[in-house]
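Me: I would like to go through the labels used for this model and see what each one rests on. Please put the value beside the cut-off each time.

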Amino acid sequence: MASTTAKLPVWADVVLLPLINVALAFLVSGLLIAALGQDPFEATWILVRGAFGYEESLGYTFYYTTNFIFTGLAVAVAFHAMLFNIGGEGQAYIGGLGVGLACLALDQSLPFILLLPICIVGAALFGAAWAFIPAYLQAKRGSHIVITTIMFNFIAASVMVYLLANVLIKPGQMSPESREFASNAWLPFMHEALAWFGIEVARSPLNLSLVWALICCVGVWALIWHTRWGYEIRSVGSNVDAAVYAGIAPARIIIIAMCLSGGLAGFVGINEIIGVQHRLLLDFSAGYGFTGIAVSLMGRNHPVGIVLASLLFGALYQGGAELSFENPAFTPDLVVVIQGLVVLFSGALSYMLRPTLERLFQRFAAPALVEA
Amino acid sequence: MAASGAPAIVLRGINKHFGPVHANREVSLTVPAGTIHGIVGENGAGKSTLMSILYGFYQADSGEIEVAGEARRIASPEDAIKAGIGMVHQHFMLVDVFTVLENILLGAEGGPLLAGGLAAARAEVERLERDYGLEVDPDAVVGELPVGLRQRVELLKALYRGAGILILDEPTGVLTPQEADRLFEILRSMRERGVTIILITHKLREIMAITDNVSVMRAGEIVAERATAETTREELAELMVGRPVLLRVEKTAARPAEVVLQARDLTVIDDKGVVRVDHVDFTLRAGEIVGIAGVSGNGQSELLEALSGIRPLDGGELVVHGTTITPERPRDAHHMRALNLAHVPEDRQRMGLVPAFQAWESAILGYQDDPQYTGPVFLKIGAIVGDTTAKMARFDVRPAEPLLGSANFSGGNQQKLVLAREIERQPEILLVGQPTRGVDIGAIEFIHRRLIEMRDGCCGVLLVSVELDEILSLSDRILVMFEGRIVGEVPGAEADARTIGLMMANAMPDEATVAADG
């Protein structure tokens with residue numbers, strides 16, 4: 001195993017390989033678009049301009065990016081303990097419930113400055129609680145985390161439908177949504193926040209959650225590589241026997257890592273519920289939890305990689321929406337296909353080209369290394 | 001073998017680089033057909049790389065390979081098998097739940113349906129077993145066979161594929177002396193039938209006992225070739241290391257003091273319900289080395305794990321510094337360390353360090369909570385790296401780079417890193433498992449001296465090793481384990497390999513003649 005990692009220089013592994021994977025995904029997408037009788041170059045141009053071309057589009061791109069950072073970090077933290085958390089979707093959903101309940105209960109009585117920390121804690125606690133049950137079952141009963149977390153996504157969806165349709169629904173309306181929160185529960189939009197400093201930007205759903213997401217990145221980086229808890233998580237993840245030898249209880253670490261993971265996923269609720277929607281509603285998790293798996297894989301489970309991968313997926317979401325808006329031939333379904341191809345190539349097939357790349361490096365780069 | 005007189009293997013000018021490491025440098029080697037050829041060398045000398053090139057795991061950067069007089073390009077193990085080369089690995093490549101016959105057939109099924117292949121294979125395997133004296137029941141499930149027999153299955157596998165040239169990588173590591181002798185008989189009978197054997201080993205005794213010729217490798221080069229009859233162990237050891245080596249450990253008589261660890265009626269049952277440690281009683285005193293001899297798999301590993309808190313007790317009790325540990329009051333590895341007990345585990349790759357970690361991270365494994373290494377929140381990375389650098393210097397770990405990945409150190413250097421971590425805590429009890437497994441001769445000498453120093457510094461050392469020579473040369477008292485029980489205790493000064501070997505096979509001296517003849 002050691003020799004397989006040693007064959008590629010680090011930069012080729014963390015930069016070149018993901019870039020090649022994305023390029024391949026776009027190549028296949030291009031062929032698909034061409035097969036539909038459209039111009040793939042025009043489509044690419046619309047997509048890029050739609051994602052980065054003007055202030056509002058940038059806002060949307062960063063807004064999506066925020067969600068992907070949270071779910072990507074969630075997958076990464078669990079992955080460092082060698083746990084495959086497929087339940088980010090459900091944890092994000094239930095995390096949002098935590099935020100919503102906090103706001104519905106307290107928005108009449110508390111000012112924003114007190115309500116915000118409670119919302120953050122609520123998102124983390126609810127997300128963590130939703131991850132705790134599969135974690136406990138894995139740690140103490142050996143139930144496979146992949147199976148249980150997938151199940152918990154469905155349970156989360158059903159719970160939310162029940163609560164919104166029966167308990168939290170605003171009386172007298174048809175759609176299953178709660179009442180709107182009082183404005184002291186709203187997290188400021190980025191265009192509002194920047195306006196305080198006299199910077200005028202276009203309106204978009206982008207809000208201060210992005211700042212929290214970046215803080216979480218730094219936090220995860222410090223936790224994983226600079227604290228003994230991260231040390232213990234990585235020990236359990238990469239060599240359970242050595243961890244037991246070191247007096248670390250794997251069951252405890254599995255539960256801690258999964259709860260951290262669930263808590264991070266829960267922060268999607270901050271961005272969506274108090275950042276954008278200002279009410280509790282259905283389906284706001286919108287697949288972010290699943291895409292987080294691809295984000296984390298592509299970002300090599302490192303916060304810096306996750307931010308970059310999140311940006312790519314944010315751009316795809318926003319640019320893709322623009323694409324189907326500009327040219328009716330690009331149906332929303334086609335956009336989903338393109339996103340799916342990127343997930344496929346950079347997530348599921350992320351190591352497909354690795355042996356080829358290794359051979360190329362051995363042939364051309366290795367002798368040069370030796371001479372040097 | 002058709003080209004009579006042509007050497008079985010000729011290697012010419014083999015070069016192999018791994019990044020900046022020149023693992024094989026202009027290696028040329030000729031192995032005459034029908035001989036047993038030994039290759040010795042320290043870890044990292046390049047002997048495994050060379051054999052991996054011959055068996056097609058790696059490709060040489062340059063150089064030629066000739067098999068039985070024919071130039072060959074060996075790009076994969078399949079090519080090697082086609083050329084008539086077989087390899088028996090140090091760690092067996094067998095499917096435990098398959099029968100012997102199914103294992104032999106694996107990869108050579110000869111069609112989509114197994115029935116025909118199995119019948120043909122059975123006849124062929126029975127012929128091979130007769131011809132080479134490799135008796136093993138073809139219908140036995142491999143997982144239930146003792147190691148010695150599993151090795152025969154590996155030999156049969158290679159022969160079944162028509163191997164006329166066999167590479168054996170450290171074949172006696174897991175065998176009793178008697179089993180090893182039996183293996184050598186088999187190898188000799190193979191040689192008589194024209195099979196060429198290349199034996200990779202670090203045990204010079206074996207080289208002397210069985211090979212016809214020997215090549216010594218050092219730093220990627222073959223530094224000497226000798227006819228075995230014309231050389232000595234001392235000469236080979238010196239050639240391997242490049243300087244004179246002390247093969248025998250020098251030590252004074254032990255001065256045992258107070259009891260530091262006492263096991264009473266200790267019982268350990270594994271996950272499958274098998275009793276691994278069976279009502280074991282013994283004491284360990286400060287200032288002595290107690291060696292536990294035994295064939296691998298007779299409960300020594302489980303005993304070590306139980307003593308160090310990795311595995312819970314299922315019966316009996318353990319007293320360490322007045323703390324009594326029972327099945328009802330278990331202590332994990334963390335607590336045991338707090339009782340001033342250090343543990344060098346048997347398998348450093350699996351347990352002693354985390355291969356994915358950098359050296360400094362592995363160098364605090366088990367002590368990551370120590371205030372010396374961590375603050376309330378953050379690891380004191382600077383302090384740890386400094387501490388690791390100092391340890392690396394004192395224990396001569398090469399390269400002395402604390403930021404290098406743990407997996408990138410050679411076996412001997414990994415072991416020195418683990419020893420440094422455990423010994424420098426100045427423990428009162430030191431549990432050591434297989435301290436020199438896969439470690440080169442120069443490092444063995446160093447490790448043995450350190451263990452004696454620990455003893456002289458009034459530490460109680462419990463040594464578990466399958467290397468009988470190591471047990472004999474280090475121990476003040478020797479306990480022999482067989483099937484989870486302690487079947488004998490011998491004072492170190494009075495012990496000899498033959499008696500201990502027979503005890504290890506649970507054939508006590510009075511039954512010895514029968515066992516030896518049978």
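**Labels and their cut-offs**

Me: Which residue is the bridge partner of B:G86 in β7(B)?

Reply: The bridge partner of B:G86 is B:L166. This is a predicted model, in which local features need pLDDT of at least 70 and side-chain atom pairs count only at pLDDT 80 or more, while totals for chains, interfaces and linings use all residues. Residues are numbered from 1 along each chain as its sequence is written, and chains are lettered from A and ligands numbered from 1 in the order in which they are written.

Me: What makes β6(B) and β7(B) a pair?

Reply: Two strands pair if DSSP finds at least two bridges between them. Strand β6 (residues 85-88) and strand β7 (residues 165-169) of chain B are joined by 4 bridges, in the parallel sense. Strands here are DSSP runs of E with at least two residues, helices are runs of H or I with at least four, and both are numbered from the N terminus.

Me: How do you know which way the residues of β6(B) point, and are they buried or exposed?

Reply: B:I85 and B:M87 point one way, B:G86 and B:V88 the other way, and all are buried. Buried stands for 20 or more other C-beta atoms within 10 Å of the residue's own, exposed for 12 or fewer, and partly exposed for anything in between, with C-beta atoms placed from the backbone. In a regular strand the side chains alternate between the two faces of the sheet.

Me: Why is A:V218 called exposed?

Reply: A:V218 has 10 C-beta neighbours inside 10 Å, so this residue counts as exposed. A:V218 is part of helix α9 (residues 209-226) of chain A.

Me: Why is helix α9 of chain B described as largely enclosed?

Reply: 8 of the 8 residues of α9(B) (residues 300-307) are buried, so the rest of the structure largely encloses this helix. Among them are B:Q300, B:E302 and B:E305. Just after α9(B), B:G309 takes a positive phi of about 90°.

Me: What is the order of the strands in the open sheet of chain B?

Reply: The order is β16-β17-β18-β13-β19-β20, 6 strands with mixed pairing. β16 and β20 (485-491) of chain B each have a single partner strand, so they stand at the edges and one side of each lacks a neighbour in the sheet. Within the sheet, β13 (residues 289-293) and β18 (residues 460-464) of chain B pair in the parallel sense over 4 bridges. B:V290 stands opposite B:L462 in β18(B). α9(B) packs on the sheet, touching β13, β17, β18 and β19 (477-482) of chain B, and its direction makes about 150° with that of β17(B).

Me: How many bridges join β16(B) to β17(B)?

Reply: There are 4 bridges between β16(B) and strand β17 (residues 429-433) of chain B, and the two run parallel. B:H343 has B:L431 as its bridge partner in β17(B). Both faces of β16(B) (residues 341-344) are covered, with B:L341 and B:H343 buried on one side and B:A342 and B:V344 buried on the other.

Me: Why are α6(A) and α13(A) called oblique?

Reply: Helix α6 (residues 112-141) and helix α13 (residues 268-277) of chain A pack at about 130°, with their axes 9 Å apart. Angles under 35 degrees count as roughly parallel, over 145 as roughly antiparallel, 65 to 115 as roughly perpendicular and the rest as oblique. These two helices are therefore oblique to each other. The axes are lines fitted to C-alpha atoms, for helices over the stretch in contact, and angles run from 0 to 180 degrees between N-to-C directions.

Me: Which residues of α6(A) and α13(A) meet?

Reply: A:C119, A:I120 and A:A123 in α6(A) meet A:G269, A:I270 and A:I274 in α13(A). Contact means C-beta atoms, placed from the backbone, within 7 Å.

Me: What makes α10(A) roughly perpendicular to α12(A)?

Reply: The axes of α10(A) and helix α12 (residues 250-266) of chain A come within 10 Å and cross at roughly 110°. That angle makes α10(A) roughly perpendicular to α12(A).

How values were computed
Two residues are in contact if their C-beta atoms, placed from the backbone, lie within 7 Å.
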